[in-house]
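I opened this model to look up a few packing and contact details. My notes follow in the order I took them.

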Amino acid sequence: MSTAAAEQIPGRAEGDGIAARARGLTKAYGSGETAVLALDSVDVDIARGRFTAVMGPSGSGKSTLMHCLAGLDTVSAGQVWLGDTEITGLKDRELTRLRRDRIGFMFQSFNLIPTLNAAENITLPMDIAGQKPDQKWLDQVIDTLGLRERLKHRPAQLSGGQQQRVACARALASRPELIFADEPTGNLDSRAGLEVLGFLREAVDGLGQTVVMVTHDPGAAAHSDLVLFLADGRIVDEMERPSAEAVLERMKRFDTARVTFDGGRGTPGGAAPEDGGDPTEGVRGADGTAPVAAVDDTAHGGSGDTAPGGSGDVTLDKD
Amino acid sequence: MLKATLRSFLAHKGRLLLSALAIVLSVAFVAGSLIFSDTVTRTFDRLFASTAADVTVEPKNDLKSQLPTGATETVPASLADRLAKVDGVAATHVDASVENAPVVDSANKSVGPTTGAPTIVTNWELTERSPVKLTSGHEPHGGDEALLDADTADKKHLGIGDTLTVQAQPGSFRVRIVGIATFTTTNPGAALVFLDTPTAQTKLLGRPGLATSISVDAAKGVGDARLKQRVQAELGTGAYEVKTAEEQAKSSAESLGGFLDVIKYVMLGFAGIAVLVGIFLIVNTFSMLIAQRTRELGLLRALGADRRQVRRSVLTEALLLGLVGSTLGLAAGIGLAVGLIKLMTAFGMNLKSTEMVIGWGTPVAAYVVGVGVTYVAAYLPARRAAAVSPMAALSDAEVAGVGRPLRVRAVVGGVVGAAGAAALAGCAASTKTSTAASLLGLGVVLTLIATVIAGPLLVRPVIRVLGGAFPALFGPVGRMSQRNALRNPRRTGATAAALMVGLALVGGMSVASASMSKSFDQQIDKTLGADFVLQNANFVPFSHEVTEKVRATEGVGLVVRQRFTPVAVKLPDGKRMETTAAAYDPKLDDVAHITYARGDTAAALGEGRIAMDVKFADDHDVRVGSTIPVEFPAGRTTELTVGALTDQGGGGFGTQGGLVFGFGTIEKYVPGGQDSALYVNAAPGTSPEKLRPRLEKTLEPYPQVQVRDQADYKKLVHDQIAVLLYLVYALLGLAIVIAVLGVVNTLALSVVERTREIGLLRAIGLGRRQLRRMIRLESVVIAVFGAVLGLALGIVWGVCVQQVLALQGMKALAVPWTTIVAVVIGSAVVGIVAALLPALRASRMNVLAAIAHE
């Protein structure tokens, strides 16, 4: 069970159900009068063994939330736990080890080290840690993702979809407590995107992993068990067992709702953070000006930056 | 377009900094050496011009000596009176001045400068041209009074009342310091001792009535040139050399010039290295800047800028960089010159940095070098920039140039390399020194060019081997650093090339010098049979009373004297050759092992006989029995018959032709010469170990003469060769500094390029220390690659140099492996040092910002 747990008492995660938890998580950029709140006292629990999507318009703070939960970014106030470990206040070295050993990452693009082949990329976090990968698990992951034939290929020899599958395999390989995927389909065509989402789904259902995915694509969010909607640095809604249509509807409503919402609540700090406040979304721009069109566009899977070739085609052969 | 260029220049100023530093260094060395030599030349020109007499009459000397003979040529002092009567002469002065008389204080310590500048003992005759004035005490009168110059008195803590011993050629004598003379002009670094004129004549030159030269003052209104004509008319042509003040100053400046030239060439050597290595740095920086700006350049092209404009934009940037670098370099060069002048002052040469001369040539040279080098170095990258297609603006290519094939380089490098290898092979096979030397030069240049061109091709195979153990040793960090070094072979190759050039030079020189040392060792073992060699530093001869006292020392058996003289020989093939000949006492065989092709020592050193190297003889149609006309200094001539031909494997005594004759000949034709070396054997019944302390005791009053046995003699030779090596190491130091700048540059730019990759690595759990280690290892592998390539090339060069030296008799080959291994290890350290800043920068990167980096 996963929820925007505003009503729960802050404290340690209880039992086995919670993979990560945040209480009063606040992230401000800048200081004083010009401070912009990217996250405004967010309380959230990420349920173990489920696929959670975080949605929201550009600048809503969804990537910041992910970065803070993953120990990539520092928080301005509040606490974050990964399992039983409070990660707020950890030193860089401890955070680095935590990311290495307990979290898996998938980014929108530039997920792989170009000098390493697929197999080396997959085992990289464990290699860095000096641990031996669990070969049985690794084989299962590789076979699940259909990468057996591609292991000796360098990233440049793989298509965009294949690259994301390798990234997915890397995230899964060390059997982390939590996998964060930041717009994993953002750079893929719809077919490759669907494939990757299928694998993330499979990771949760078949392999029992916990996945948190940041996206602004309702179609992608529809693959999750639970969608958390973020706006202006707060969790404003959630949706269990979402469908693409429902999410899209919610997003549409949500945009007009935001106006009334803002008017009604009088959010401190005013409007949404600037684009710059959320670096991974900087290029997406156009905050709030044409949300519907933007959602439509991404819903159809044409994000503009289409990766060359489909999932099965190896087109770039440089060596 | 100019605006865009300026913007770009300013935007990249951080990245251009290191290139600018390389330019600054090379320009500084060029400017510094020019300013320094201009200043010194001007200072001494003034000194010589102000101290030269209107007309000087000297003994004629056509033969320039390569080695000091110790003989002092004289003119009759009576010429002064004769010339005083010549029309237009206001006054004449007798000069009695020698530079070959060491002066020691009462503790037998030399008062002469330790820098190689002469100790001049001369007669005190104060004229308006004297460079000194009496500042305390009184003028010297009589045989036991002397003045000392103030600088020397200061340095050696001497004053009025102290005694000095002057070891003049006719014999040592003691004098008391009665006054101190202070330089009114620049002190060129010499020590000066003044005696009254009769004392100087008798005790320095052997008898009254002699002079080393006559100074003639012109009467009012008589020009130097006219006076010279009149003096010449009076004296007739032949025995005397008559010079005007201008000519005298010029020849003085020339004799000093040799020393200054050395400094100048050393400085220019540094400038050359700085320029050479700097070029690599600049090429690399511009290449990388352009690779990074491919999209921007593509956009410019898409917006309508044509190729020429793009090229010009890059070249303008280079021009600006060159101008800035040259200006800073010029300033640094002035600083360097001030430093050198200070250094010279510490050596006793009183130059004033306030009188520094910056001729117009200096800024011109500075800007030509600085701007020219930058422009040339940026030309290729500029062409590449112009070739960027407008499509580049649209594509998402990572870095241009990574995947471009190296085929052209392979072909050009292969061809040039083959030509270079052929030249080196030809050099090794050649039997003529001149051919071998020119083939060597050609081969060195060609192989260097080939290695620079083909460097990127060697990156993959060599670094695969060098970094092969990295994955096993350092895990994924090692694997990534090795692959990063392989990532852009062009860049790795160019970066390593800077280090390679310097180390190739060092490798070659160290092999050559080690081979020379070994050859000399072998030769000393083979030829030196004496128990001891008594010698001055730098072959400067010593007074013959040393010889007498050594002979009189208890336990001394045989003493064989060695003396040198300049000679000119007329050879049967019609050539006249000026060289230096050596003379020995007859029992040479007891102190040296000489191999003769024809004849023996008795035939070589007999009266009226001469011997020479067999190869030289063959080259000039000389046979045993040939009669050779020989000219000695001061116009003495004779004919000598070839009695023997030596075969020392070309080694001989280091003089051309290896001319040798008996001691009687040199005493007859070069009277007043001094011995350059004594070969001493212990008397029967006395062991050399016992003799040594006795000899040392005998030589106590002559601190400049040293006793050396075979081992000492070898050490002396090694030390002399080591001086050459120190210079090479200094050059290496500079080359390394600049090469480090290059590695820093490359790594810094690579770190920027790989920002996202670094962000990703950090996100998935690479620690800061691991990241720093990754960059350090990459740096080490690049540096060691450069070192290995350079040393390999250098060893090949060194072996070829040895082949050339072998023709001169230095047949031993030695490769100093310890030095080579030390240099490789050193290069790894260089890599670590170079990686410090880039690694720190990478590890400080904000993970999120790095991931989001475009």
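**Entry 1: the annotated stretch.** I began with residues 731-847 of chain B, where the chain is 86% helix and 0% strand. Its end C-alpha atoms lie 42 Å apart. Helices here are DSSP runs of H or I with at least four residues, strands are E runs of at least two, and both are numbered from the N terminus. An unreviewed UniProt entry places "domain: ABC3 transporter permease C-terminal" at residues 270-390 and 731-847 of chain B. UniProt positions follow the numbering used here, feature names are shortened, and annotations may be inferred rather than shown by experiment.

**Entry 2: ground rules.** I noted that this is a predicted model, in which local features need pLDDT of at least 70, side-chain atom pairs count only at pLDDT 80 or more, and totals for chains, interfaces and linings use all residues. Residues are numbered from 1 along each chain as its sequence is written, and chains are lettered from A and ligands numbered from 1 in the order in which they are written.

**Entry 3: α20 and α23 of chain B.** At what angle do α20 (710-753) and α23 (817-844) of chain B pack? The angle is about 30°, and the axes are 9 Å apart. Axes are lines fitted to C-alpha atoms, for helices over the stretch in contact, and angles run from 0 to 180 degrees between N-to-C directions. That makes α20(B) roughly parallel to α23(B). The label covers angles under 35 degrees; over 145 is roughly antiparallel, 65 to 115 roughly perpendicular, and the rest oblique. I listed the contact residues, among them B:V740, B:V744 and B:L747 of α20(B), and B:V830, B:A834 and B:R841 of α23(B). Contact means C-beta atoms, placed from the backbone, within 7 Å. By class I got 14 nonpolar, 1 polar and 1 charged. Nonpolar covers Ala, Val, Leu, Ile, Met, Phe, Trp, Tyr, Cys and Pro; charged covers Asp, Glu, Lys and Arg; the others, Gly among them, are polar.

**Entry 4: α12 and α13 of chain B.** Helices α12 (433-466) and α13 (470-487) of chain B pack at about 165°, axes 9 Å apart. They are therefore roughly antiparallel. α12(B) passes α13(B) in a right-handed crossing. B:V459, B:R460 and B:I463 of α12(B) meet B:Q482, B:A485 and B:L486 of α13(B). I sorted these into 4 nonpolar, 1 polar and 1 charged.

**Entry 5: α5 and α6 of chain A.** The axes of α5 (160-173) and α6 (190-205) of chain A come within 9 Å and cross at roughly 15°. These helices are therefore roughly parallel. α5(A) passes α6(A) in a right-handed crossing. The contact includes A:G161 and A:C168 of α5(A), and A:F199 and A:L200 of α6(A). Its classes are 7 nonpolar, 3 polar and 2 charged.

**Entry 6: chain A against chain B.** The contact takes 26 residues from chain A and 23 from chain B. Which element of chain A gives the largest share of its side? α2(A) does, with 6 residues. The chain A side has 11 nonpolar, 7 polar and 8 charged residues.

Note on methods: Contact = placed C-beta atoms within 7 Å. Left-handed = near helix turned anticlockwise from the far one by under 90°.
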